[in-house]
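I am keeping short notes on what I looked up.

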Amino acid sequence: MTIDIVRQVTLFSTLEDHDLQALAALARPITAQRGEIIISQGSVGDALYVVISGRVRVYVSDKDGKEMVLALEGPSTVFGEIAVLDGAVRSASIAAMEKTELLKIGADDFFALLERNTELNRSVIQSLAGRIRKLTHGAQGLALDSVYRRLTAQLQECAVEENGEWVITERLTHQLLADMIGCSREMVSRIMSDLVKGGYIRIEPGRWVIERKLPADY
């Protein structure tokens, strides 16, 4: 079971079966309950984690408790590897959004695998490059785009196609969306209300449906 889970992770997809087996044998399964903090910003990076099921929230916060959500991650994603690689403290916190099953892989075990596997080194570099591009895009949006454009971009990123409709099934509260795009909850609520009234978004139990193309400007 564990080796099949590890094989689905993009970061480990280039590993040979014997390396996958070794990694799976070293991984320790853990469970995080909804709201539980798995990693704290500023803590020591002694392990990385693979999400088996559930979802986690990646966020940064200041001394006053104000938060900025960087990402929502689901099954087969990896987090915590940056602090493992550079030896610095954790740059962000990770909290479970629901009951979440994970695999925990110690830093020493991960480094031992890196030393003998060039393909994994390449995969790690590609993964980090992808994160940098995503963060650069996010910073550009915060600096140059309006709140409306940031919100609609986030909604479209979360939407998936189901039976010819674009739907959002993630549990996105207005506060969570505000934390993700860097604005107030009141602003998100106002824009969402206007999109619903305008017939662009339909609210259903457990999901939001994007009924037609969202306007380019607000």
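Which residue lies over the face of Y200, and at what distance from the ring centre? I looked it up and found R212, at 3.9 Å from the ring centre. I note here that the model is predicted.

**Entry: charge over a ring.** I also looked at R57. Its charged end sits over the ring of Y59, 4.3 Å from the centre of that ring.

**Entry: aromatic pairs.** I searched the whole structure for aromatic pairs and got three. One of them is F12 with F110: the ring centres are 6.4 Å apart and the planes stand at 65°. An angle over 60 degrees counts as edge-to-face, so I wrote this pair down as edge-to-face. I then checked where the two residues sit in the chain. F12 is in the loop between helix 1 (2-7) and helix 2 (17-26), while F110 is in helix 4 (residues 107-115). They are 98 residues apart, and the pair links distant parts of the chain. Are F12 and F110 buried or exposed? I found both of them buried.

**Entry: another pair.** I turned to Y49 and F79. Their ring centres are 5.3 Å apart and their planes are at 10°. Planes under 30 degrees apart count as stacked, so I recorded Y49 and F79 as a stacked pair. Y49 belongs to strand 3 (residues 47-53) and F79 to strand 6 (residues 78-79). The pair therefore ties together parts that are 30 residues apart in sequence. For burial the cut-off is under 20% relative accessible area. Y49 has 5%, so I count Y49 as buried. F79 has 3% relative accessibility, so F79 is buried too.

Entry: Next I traced an open sheet of four strands, in the order 9-10-12-11, with antiparallel pairing. Which strands stand at the edges? I noted strand 9 (160-162) and strand 11 (201-204). Each has a single partner strand, so one side of each is left without a neighbour in the sheet. On average, neighbouring strands in this sheet are turned by 35° against each other, direction ignored.

I then looked at how strand 9 meets strand 10 (residues 165-168). Three bridges join these two strands, which run antiparallel. E162 stands opposite E165 in strand 10.

**Entry: a helix on the sheet.** Which helix packs on the sheet? I found helix 6 (residues 147-158) there, touching strand 9, strand 10, strand 11 and strand 12 (207-210). The direction of helix 6 makes about 105° with that of strand 10.

Definitions and conventions: Residues are numbered from 1 along each chain as its sequence is written. This is a predicted model: local features need pLDDT of at least 70, side-chain atom pairs count only at pLDDT 80 or more; totals for chains, interfaces and linings use all residues. Side-chain values use heavy atoms; hydrogens and water are left out. Rings of Phe, Tyr and Trp (its six-membered ring) pair if their centres lie within 6.5 Å; planes under 30 degrees apart count as stacked, over 60 as edge-to-face and the rest as tilted. Buried means under 20% relative accessible area, exposed over 50%, partly exposed in between (1.4 Å probe, protein chains only). A charge sits over a ring if NZ of Lys or CZ of Arg is within 6 Å of the ring centre and within 35 degrees of the ring normal. Two strands pair if DSSP finds at least two bridges between them. Axes are lines fitted to C-alpha atoms, for helices over the stretch in contact, and angles run from 0 to 180 degrees between N-to-C directions. Contact means heavy atoms within 4.5 Å.
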